[in-house]
Amino acid sequence: MAIIGTSSFAQNAPTIIPIETRQNVLVLQTDKENHLGITYFGKKLSQAAEYKLIPSQSRQRDGNAGIYNSAYTPAGTWNVSEPALQLTHGDGNKSLDLVYVSHNKAKENDNVSVTSIVLKDPVYAVEVTLFYKTYFQENVVEQWSVIKSEEKKPITLEKYASANLYFIAKDYYLTHYNGTWAKEMNPEEELLTAGIRVLDSKLGTRANLYQPPTFSLSFDKPATENEGKVLLATLAWSGNFKMEFEVDSYHNLRLIAGINPYSSEYPLASKQEFKTPSFIYTFSENGKGEASRNLHNWARKYRILDGEGTRMTLLNNWEATYFDFNEAKLSELFKDGKKLGVDLFLLDDGWFANKYPRNSDGAGLGDWQENVKKLPNGIGYLVKEAQKTGIKFGIWVEPEMVNPKSELYEKHPDWVIKQPQRPEHYMRNQLPLDLSNPEVQDFVYGILDKLFTENPDIAYIKWDCNATTFNPYSAYLEKNKHAQSKLFVDYVKGLYKVLEKLRAKYPKVPMMLCSGGGGRVDYEALKYFTEFWPSDNTDPLERIFMQWEYSYFFPSIALSAHVTDWGKQPLKFRTDVAMMGRLGYDIVVSHLNEKDLQFSQQAVVNYNAVKDIIFQGDLFRLVDPKKNDYAALMYATKSKSKAILFSYLVGNRNGAGSDTPIRLEGLDASKNYKVRELNLYPGTKSAIKEDQVYSGEYLMTAGFNPVVNARRTSVVLEIEAM
Ligand code: GLA
């Protein structure tokens, strides 16, 4: 690795470090005192030499009041604004300064580079390295920091952000998300005003129940799909997070993002390192559409497990049976799955525990032995039965949790997160296990390892996590004289250790990340999971809105969408919506009438024929359901030879529908295309002329009307180049 720039503490000429992707740049620059600041973020200049001309916007403009644009703001010295790093030294002193020492850029390959910048406290033996990993083509930056102490006594980290950024624009519009169970991803856009706006979570295990660690930030004016400057960003951390947006006295915006310091002071021994989670962002000058395609391209190629692969269709029994099933019933469901044409049967909750059988959510969690009444012949028998029927077998687990009514709780009360002197507080009658404890990590790993060892043909896992962390207290940390304040962080680290070990032995088996719906959706977990469950709410009307919002940050290949009995929409509508992700079913197939069954069988065939376009294609959000009485989205292959357009009626006013053409995107203006309707319900006729040829130019300029209306509430079109 070549050292690109070095300096001593007393350097005069500024060091300029541009962090570049194909379209964008983040420019860092040292000042007279060697403090590192951000001078520019945005579209890349064609002459890199001109970065040095950019004036350092707000550094010390008001005398000694501090440096606002710091690349990593230390607490307790010259700085008086919100810090990125705050700590107490071994001797109790709380001051920190960070000056630039050196940087280097290491190329991993033609597309991926890591710039690391070393900062040091001139007085205390504390060092911080800032890492900026760039994915050039995708315009994505992944940023984290590593904090290291060589002080004799342990230091205590009080706040340890992943990223500290600085933006200069006329105005800042933040879009963030709120929600709760079955109501995930409600967007709100606001103009940021002076002061600090905080997005955070203190929920521990089910960290994103009320808020995900994702947001978009528009500069100057609210960005649209195809216009405006916009940053899409997310923190890759499955625990408490905090993002602070501070419009400062110069109307510039300081952003600090990382683990939530709430109740999380973290002691660091001499020579130990603390690596913060990654903050991942992309910027576009051309609106949210391009920015989200950047993230999709990056996530599929570099992040999500098997992101460039494919996904299986499945039949899940949760809503069909809940806890009430036995071998005979399941064997029938395998046949139903086969009849439907899906690849896999997913056995949900309720298959385990004997002393306190898992017949409701009130008992049994933690006792991962097959329930002998329901499954006298065990999982192995089910896997074989499924295979005999010609379908693969997958299974639900919730390995991090325990019901107080369980043998596990009776045997290992010290493995449970709870305050020993206070009444227990439950969510869904359960408590998290203490994953900071290596014994508990082994136990959790062991649940999965045993399932796979005994049943190597298990083809899919749904990993659930249904409770937040109340009464945070770890008997393990106490016993080993560790600070209790490590719990929130060490829990997540423990979880990653388990997943890492699991993936080392079972690298390929697809796993769904679920947390009572979308209570845990982030890009660190998605290193280990192939997909996530966005919400228990599968009402297709709600899903159109919800999946639209998730689609800014996550590609469709990662989004599980099931056809269920939720909502009032007809089966075709429900199916079309679920096709915009990894398609599954959670219905009683035997209750379908003949036409519904015929429709569904054909829909699975259609889906298999086009799913690669949905998984790997470019997504264009064409008509926003929040602003119109219908929605339209399309996926186009990178070669622009095929596309799928989905459109849905979402309003119910008289005459609601698509009465004008929609301008398509992502096609080749010079190619000719034919348009064909998919997923027609048996006995209905398409309103689309299938033999008409259109140029790409026509479809993208004059547009095309899918004819969505009260009689055609959901329309799927295949657009194919000739
Ligand atoms: C959670 C999940 C559901 C289902 C149940 C089982 O609520 O989100 O999909 O698996 O648990 O108890």
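Visitor: To begin with, is arginine 520 buried or exposed?

Guide: Arginine 520 is buried, with a relative accessible area of 3%. Here buried means under 20% relative accessible area, exposed means over 50%, and partly exposed lies in between (1.4 Å probe, protein chains only). Before we go on, a word on the model: it is predicted, so local features need pLDDT of at least 70 and side-chain atom pairs count only at pLDDT 80 or more, while totals for chains, interfaces and linings use all residues. Residues are numbered from 1 along each chain as its sequence is written, and side-chain values use heavy atoms, with hydrogens and water left out.

Now to the partner. The side chain of arginine 520 meets that of glutamate 400 in a salt bridge, at 2.7 Å from N to O; the term stands for a side-chain nitrogen of Lys or Arg within 4 Å of a carboxyl oxygen of Asp or Glu. Arginine 520 sits in the loop between strand E27 (511-513) and strand E28 (531-532), and glutamate 400 in the loop between strand E23 (392-397) and strand E24 (401-402), so the pair ties together parts that are 120 residues apart in sequence. Strands (E, at least two residues) and helices (H or I, at least four) are DSSP runs, numbered from the N terminus. Glutamate 400 is buried too, with a relative accessible area of 0%.

Side chains of opposite charge can pair when their charged atoms come close.

Glutamate 82 is partly exposed, at 24% relative accessible area, whereas lysine 159 is buried at 5%. These two residues also belong to a network of salt bridges that links Glu82, Lys159, Lys242 and Glu244.

The other is between glutamate 549 and lysine 626, whose closest N and O atoms are 2.8 Å apart. Glutamate 549 is in helix H9 (residues 540-550) and lysine 626 in the loop between strand E31 (618-623) and strand E32 (630-636), which links parts of the chain 77 residues apart. Glutamate 549 counts as buried at 3% relative accessibility, while lysine 626 is partly exposed at 42%.
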